[in-house]
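Subject: Structure file and notes

Hello,

Here is the structure, with the sequence alongside. My notes on it follow below.

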Amino acid sequence: MVSVPRLVIAAPASGSGKTTVATGLMAAFAARGLAVSPHKVGPDYIDPGYHSLATGRPGRNLDAYMCGTELIAPLLAHGSAGCDLAVVEGVMGLYDGASGQGELASTAQVAKLLRAPVVLVVDASSQSRSVAALVHGFASWDPEVRIGGVILNKVASDRHEALLRDALDESGLPVLGVLRRAPQVATPSRHLGLVPVAERQGDAVDAVRATGERVRAGCDLDALMALARSAPALPDEPWEPAYASARGHRPVVAVAGGAAFTFAYAEHAELLTAAGAEVVVFDPLRDEKLPSGTAGLVIGGGFPEVYAPELSANEPLRRAVTELALSGAPVAAECAGLLYLARELDGKPMCGVLDAEARMSERLTLGYRQAVAVSDSALAVAGTRMRGHEFHRTVLEPAAGPVPAWGMHQPERRVEGYVQRGVHASYLHTHWAASPEVAHRFVEHCRAR
């Protein structure tokens, strides 16, 4: 049973303040001594880093497109085991989901799957009485979505607050918090969104602390907790990463981390461990060697374009990665990992495992994808179908090798990525919780070396 108290933090549109409120609530409740489980709707890797900083627990994603609707409640149950409260930050506007596919992967759909009350964060900076019409519209659009209250963000003054409260009195929804404009705790952004926690260190800690204090002062935490406790129990078993057939010695799987490779789903390391691997994290910016005994390598997403000079300057590690790949060892590279394995990135030498060059682009590539494995690899057998997500402002030329990794079927048909020796490299981000056999197959290839 999923019985943890839970809230979904949503908004009418992006930029309303969801991340500020969700992260602030996580920090404020954690400061009260509660064990808070942080979650994020959709494929976002960056917000969960701030959630983790606020709660001291791994930030986890709930993506109904990549993982399937049937795994949303089990994944929440897995992440929130032993917790007093789960806070789920939404994505985009409340009813926005996968393009052209109705409510799929929207915050509204996830809230319904979790039977969780929604707190609507409204940017009130340019309205007064109209806020009631806006809130009424969102609350009545889908009767299965239960909006339990409103938090008003970017409120200008006491007078402005009074006007907003008077208007909302007619809506029947309680105001659970009011936040004034506070640019001093704003989080910097760049080409793919917020700057990750790993790059800001002390500044990120200070920002999360300030956000928590601001939310604690402006929100009715007792009323929010009461609303969270009104969520009914769900008859779902927690998701488990265990793979019953994991046997034999524990091969070392090195996983890239540090500031340049911050994009990772917590479940991937759990799946690799459950499949029998010893997972060891290393930092390509600092470490000049791969972990001792490395039998396989996972290089996820991140911002190698920001750190291209530093990554290039670490020649000993680049050589070690190249030697491992050329030896036939299993290597799984997604997006940033793909660029790191290329010959060069923005003119800076990379590992040279792939005969390709990468560069920054003005064009943002963004969206969910349907993919099928073109050939057998350390991750999947040919014909395996998976759903994933692309999110980058770089271009790789050529985009596919002689043996591509994936054939894409949405939004257009194309092949993409590289499979050579033990390497599987692609722009496509995937969530292995929906396909645990991927981790098992990868570890078995490592064990066979």
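Is Asn 314 buried or exposed? The model is a predicted one, and in it Asn 314 counts as buried because its relative accessibility is 6%, below the 20% cut-off. Asn 314 is found in the loop between α11 (308–313) and α12 (315–326). Leaving out neighbours within four places in sequence, its contacts are Pro 284, Leu 285, Arg 286, Asp 287 and Glu 288. Glu 288 is 26 residues from Asn 314 along the chain, yet the C-alpha atoms of the two are separated by 6.6 Å.

Helix α4

Gln 109 belongs to helix α4, which covers residues 107–114. Gln 109 has a relative accessible area of 9%, so this residue is buried. Beyond residues up to four places away in sequence, Gln 109 touches Ala 64, Thr 69, Glu 103 and Leu 104.

Seven of the eight residues of α4 are buried, so the helix is largely enclosed by the rest of the structure. The buried ones are Thr 107, Ala 108, Gln 109, Val 110, Ala 111, Lys 112 and Leu 114.

- the strands β1 (6–10), β2 (36–41), β3 (60–62), β4 (85–89) and β5 (118–123)
- the helix α3 (72–79)

After α4 comes Arg 115, which has a positive phi, near 50°.

Nonpolar cores

The largest nonpolar core holds 112 residues, and within it Leu 94 and Leu 152 touch the most other members. Helix α1 (residues 18–31) supplies the largest share of this core, with seven residues. There is also a second, separate core of 39 residues, and Phe 261, Leu 317, Val 321 and Val 331 are among its members.

As for Leu 152, its contacts, apart from neighbours within four places in sequence, are Val 122, Ala 124, Val 131, Leu 164, Leu 168, Val 175, Gly 177, Val 178 and Leu 179.

Salt bridges

How many salt bridges are there? The count comes to 21. Three of them are described here.

Asp 158 and Arg 180 meet through their side chains in a salt bridge, at 2.6 Å from N to O. Asp 158 is in helix α6 (residues 158–169) and Arg 180 is in strand β7 (residues 175–180), so this pair ties together parts that are 22 residues apart in sequence. Asp 158 counts as exposed because its relative accessibility is 58%, while Arg 180 counts as partly exposed at 30%.

Arg 180 also forms a salt bridge with Glu 161, where the closest N and O atoms are 2.9 Å apart. Glu 161 lies in helix α6 and Arg 180 in strand β7, so here the parts tied together are 19 residues apart in sequence. Glu 161 has a relative accessibility of 18% and therefore counts as buried.

An α-helix has 3.6 residues a turn, so residues three or four places apart point the same way. Arg 447 counts as buried, at 12% relative accessibility, whereas Glu 444 counts as partly exposed, at 30%. Elsewhere, shared partners join the salt bridges of Asp 158, Glu 161, Arg 165 and Arg 180 into one network.

The second largest pocket

The second largest pocket holds about 780 Å³ of space. It is lined by 36 residues, of which Phe 261, Thr 262, Phe 263, Ala 264 and Tyr 265 are the closest to its centre. By type, the lining divides into 24 nonpolar, 10 polar and two charged residues.

Which element gives the most to this lining? That is α10, with four residues. The elements that each supply at least two residues of the lining are listed here:

- helices α2 (47–55), α7 (197–200) and α10 (266–274)
- strands β10 (252–256), β11 (278–282), β12 (294–299) and β13 (331–334)

Regards

Definitions and conventions
Residues numbered from 1 in each chain as written. Predicted model: local features only at pLDDT ≥ 70, side-chain atom pairs only at ≥ 80, totals over all residues. Heavy atoms only, no water. 1 Å grid on protein atoms, 1.4 Å probe; cavity = no way out; pocket = protein on both sides within 12 Å on 5 of 7 lines; lining within 4 Å. Points joined across faces, edges and corners; volume = space filled by probe spheres on them. Nonpolar A, V, L, I, M, F, W, Y, C, P; charged D, E, K, R; others polar. Core = buried A, V, L, I, M, F, W, Y, C linked by side-chain atoms within 4.5 Å. Buried < 20%, exposed > 50% of the residue type's maximum accessible area, 1.4 Å probe, protein only. Contact = heavy atoms within 4.5 Å. Salt bridge = Lys/Arg side-chain N within 4 Å of Asp/Glu carboxyl O.
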